Amino acid sequence: MTAGRRFVEALLDRLSEDAVAGKPAAAFHAALLECRNGADFHDGPGTPYWDPESDPDYAAALAAAPAGDPLTEAARAVAPLTRWNPVTRAEHVRPPYDADVASRMLATLAIGSFCPVHYPTVRAGLFLLRGGLHYPLHNHESPEIYVGISGAVTISHGLNGDTHQVSPGGYSVTPSDTLHSLTTGDAPVLLAFIWLGPYDRPIWWWREDETSPTGWTRSPWHRQVDNSWAMDDEEPVVSVS
Ligand SMILES: [Fe+2]
């Protein structure tokens, strides 16, 4: 079995209990089943852009994951075959946002175009969040699931901050266009993620702004050719529901 197929199988297993209609994870499980049946699996040498094993936070996250967890082992196998990138770069974070956020998030795709699992309509991979991260309130069109591998991250949904933790064995679903933020403690966090739907739409970061009629301003982020994101001019949020 290729490392990519092992990653798909481990994610399917992790979500299988909630793969019933009406459960938030059902759509992600269904998409992975289609992927398992239709994808090209082709492990080969990855592009040596970043060696995950050389990153102390990545190594610490793997070491802290529950022993023998199939998803952890699948992640360990597939990660070196993928192209890791910073989610954004400090020069792309405009004030008043804290550019420090750029150094605390790395991601890679294992399922997608030209990935170990070549399947263009599902994007899935690994997300490393370093300690001390606050990823500000944001939304995007693609529904998203985070599946816990190591460490604990607090995810907040909506303007009122309905929070819960994602840790090993758990997961969190963020529906399309739902505001959410992520906060880590001291320890690094490793998640698997799946995005469904369009991949080329902006991510919007929100911040409170007393000059805006709604009290909120948002900034669009657009994906760059290296798969990282860059921020464009902000605009007032015209309605808040
Ligand atoms: Fe998100």
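At roughly what angle do the axes of α1 and helix α4 cross? Hi everyone, let me answer that and then walk through a few neighbours. The axes of α1 and α4 (residues 70-78) cross at roughly 155 degrees and come within 8 Å; axes here are lines fitted to C-alpha atoms, for helices over the stretch in contact, and angles run from 0 to 180 degrees between N-to-C directions. That makes α1 roughly antiparallel to α4, a label for angles over 145 degrees, with under 35 counting as roughly parallel, 65 to 115 as roughly perpendicular and the rest as oblique.

Some housekeeping. This is a predicted model, in which local features need pLDDT of at least 70 and side-chain atom pairs count only at pLDDT 80 or more, while totals for chains, interfaces and linings use all residues. Residues are numbered from 1 along each chain as its sequence is written. Helices (H or I, at least four residues) and strands (E, at least two) are DSSP runs, numbered from the N terminus.

Back to α1, residues 3-15. From its first C-alpha to its last, α1 reaches 19 Å, close to the 18 Å expected at 1.5 Å a residue, where the expected span is 1.5 Å times one less than the number of residues. Its buried residues include F7, V8 and L11; buried means 20 or more other C-beta atoms within 10 Å of a residue's own, exposed 12 or fewer, and partly exposed in between, with C-beta atoms placed from the backbone.

Who touches whom? On the α4 side, the residues in contact include A74 and V78, and on the α1 side they include F7 and L11; contact means C-beta atoms, placed from the backbone, within 7 Å.

There is another partner, α2 (residues 26-38). The axes of α1 and α2 come within 10 Å and cross at roughly 150 degrees, and therefore these helices are roughly antiparallel to each other. V8, L11, L12 and L15 of α1 make this contact with F28, H29, L32, L33, C35 and R36 of α2.

Now the strands. Seven of the seven residues in β7 (residues 144-150) are buried. β7 runs antiparallel to β10 (residues 171-174), with four bridges, and strands pair if DSSP finds at least two bridges between them. I145 has V173 as its bridge partner in β10. β7 is also antiparallel to β12 (residues 189-196), through six bridges, and E144 stands opposite W195 there.

V153 faces V166 in β9, and G158 takes a positive phi near 85 degrees. Thanks, everyone!

Methods:
Contact = placed C-beta atoms within 7 Å.
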